[in-house]
Amino acid sequence: MTATLTDQSSRSSRSSDRPLRSEEWMCRELDGEGIFYDVATDTTCRLNETAMFIWTLCDGDHGVDEISERLAARYDVGAERSHRDVRDTLDHLGSLGIVSSGQGPVL
Amino acid sequence: MTTLSSGLPGVAALLRGACDRRETVAVVTEEGPFHFRIGAVSVSVRCVDVEAMREFRRLYAAYAQDEPVAGAIKVDVIRTRDGRSMRRRYEVWGDGVRRFTLWNSESIAPHIEWAINWQIMLFLPRFYLIHAGAIEIDGEGVIMPAAPGSGKTTLTAGLLGRGARYLSDEFAMIDPETLRLHPYPKALCIKEGSFEVLGELGVRASERPIFRKGKKGSVVLVRPDELGGEPVSAGCPVRHIIFCKYAEGTTPSIAPVSRADGVLRLVQQSFTFLKFRTLGVDLLSNLVRGARCYELASGPIEETRELVLRTVRGG
């Protein structure tokens with residue numbers, strides 16, 4: 001299990017611990033993967049199945065720990081690796097603006 | 001000129017400029033303009049060079065029209081002189097805008113093709129355009145998107161020699177309403193590096209006019225019917241999308257890629273994505289849902305085309 005994201009952007013920032021999907025990005029799901037398009041910047045990127053799973057949980061209600069637990073259960077991997085993958089993926093998604101800070105308290 | 005659906009300011013300015021500059025074009029020809037219609041594209045060509053005009057008439061005789069078609073792309077080739085050196089030159093104009101300045105007549109014919117392609121990219125609003133070879137095999141559309149120099153025209157030519165039906169060696173022309181491939185059966189522009197392959201397909205480059213096309217070097221223009229017995233496709237659904245990459249000495253191989261990856265790659269090879277944008281994402285997503293996507297490392301034409309045929313036919 002490795003969450004990957006293919007993109008054309010080089011911006012960088014960090015996502016929050018209670019991430020929220022951006023409304024700015026258009027998403028189309030294809031066989032479990034995702035195609036994302038940002039009209040404002042004409043940036044297009046692809047999320048693989050694992051990254052898509054993480055993205056779907058970015059609803060502002062789930063914290064990183066909970067997303068990691070769900071990911072570990074879904075793909076039958078250890079907690080440490082799952083947490084690392086979630087963090088890395090959220091960093092990528094946050095740097096692109098696909099996810100942003102949620103309103104809840106940071107876990 | 002075809003109408004423009006895009007609101008892009010740069011393109012609008014270009015159109016205004018075209019109207020302004022049109023009056024400066026004066027073409028002296030020994031024969032009248034040549035009108036033809038290939039697929040959805042109507043063209044009127046006027047050219048001062050008799051040899052280039054003769055080649056164009058040979059290439060598109062089957063599509064000739066007696067009268068100009070309203071909205072046709074207009075390409076004019078005029079002879080002028082350089083202001084400083086007084087050296088003779090040729091200018092290729094597309095819909096009233098100068099596209100190329102050429103220093104020899106051997107460059108004219110392929111640059112007329114290039115000018116037509118340019119106008120199509122800018123002003124054919126009805127279709128979504130992908131830089132790709134496009135053929136039909138057993139009723140199924142195959143598009144082969146590739147960056148320039150990836151061998152898509154050579155592969156397209158090779159497949160015509162094995163019974164594929166031709167749609168285009170330059171554009172996959174997608175109808176946004178039906179997602180069907182439309183034919184744009186332009187002459188194939190074969191580069192010098194593929195003349196040997198062309199010979200194996202029964203067309204000897206040495207027996208026909210050889211032109212020059214900028215950095216691409218020497219080229220010949222070939223009608224699709226010279227390469228295979230099958231008639232041009234009338235259009236078909238897209239069932240296979242094969243992303244091509246050529247590297248000399250490579251053993252041909254083909255591997256599936258995911259549909260999402262396919263969309264991302266198609267965006268990169270699209271001429272018109274910025275006209276469609278969100279509609280383009282939907283169009284491409286729907287297109288790949290009905291197709292299989294592959295990545296092809298192409299090598300020697302014989303092996304490569306057999307690999308493509310086996311893949312498309314499910315062997």
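Which residues line the second largest pocket? Before the answer, note that this is a predicted model, where local features need pLDDT of at least 70, side-chain atom pairs count only at pLDDT 80 or more, and totals for chains, interfaces and linings use all residues. Residues are numbered from 1 along each chain as its sequence is written, chains are lettered from A and ligands numbered from 1 in the order in which they are written, and side-chain values use heavy atoms, with hydrogens and water left out.

**Second largest pocket**
- Its lining is made up of Pro145(B), Ala146(B), Ala147(B), Ser150(B), Phe243(B), Cys244(B), Lys245(B), Arg265(B), Gln268(B), Gln269(B) and Glu295(B). (A pocket is an open set of points on a 1 Å grid over the protein atoms alone, where a 1.4 Å probe fits, with protein on both sides within 12 Å along at least five of seven lines; lining residues have an atom within 4 Å of a point.)
- The strand β15(B) gives the most, with three residues (strands are DSSP runs of E, at least two residues; helices are runs of H or I, at least four).
- The volume is about 150 Å³, meaning the space filled by probe spheres set on the points, with grid points joined across faces, edges and corners.

**Largest pocket**
- This one has a volume of about 830 Å³.
- There are 36 lining residues, and Gly149(B), Gly151(B), Lys152(B), Thr154(B) and Lys191(B) lie nearest the centre.
- α4(B) hands over the largest share of that lining, four residues.
- Domain 1 (9-123) and domain 2 (128-312) of chain B both contribute to the lining, so the largest pocket sits between them (domain bounds come from an automatic or database domain assignment).
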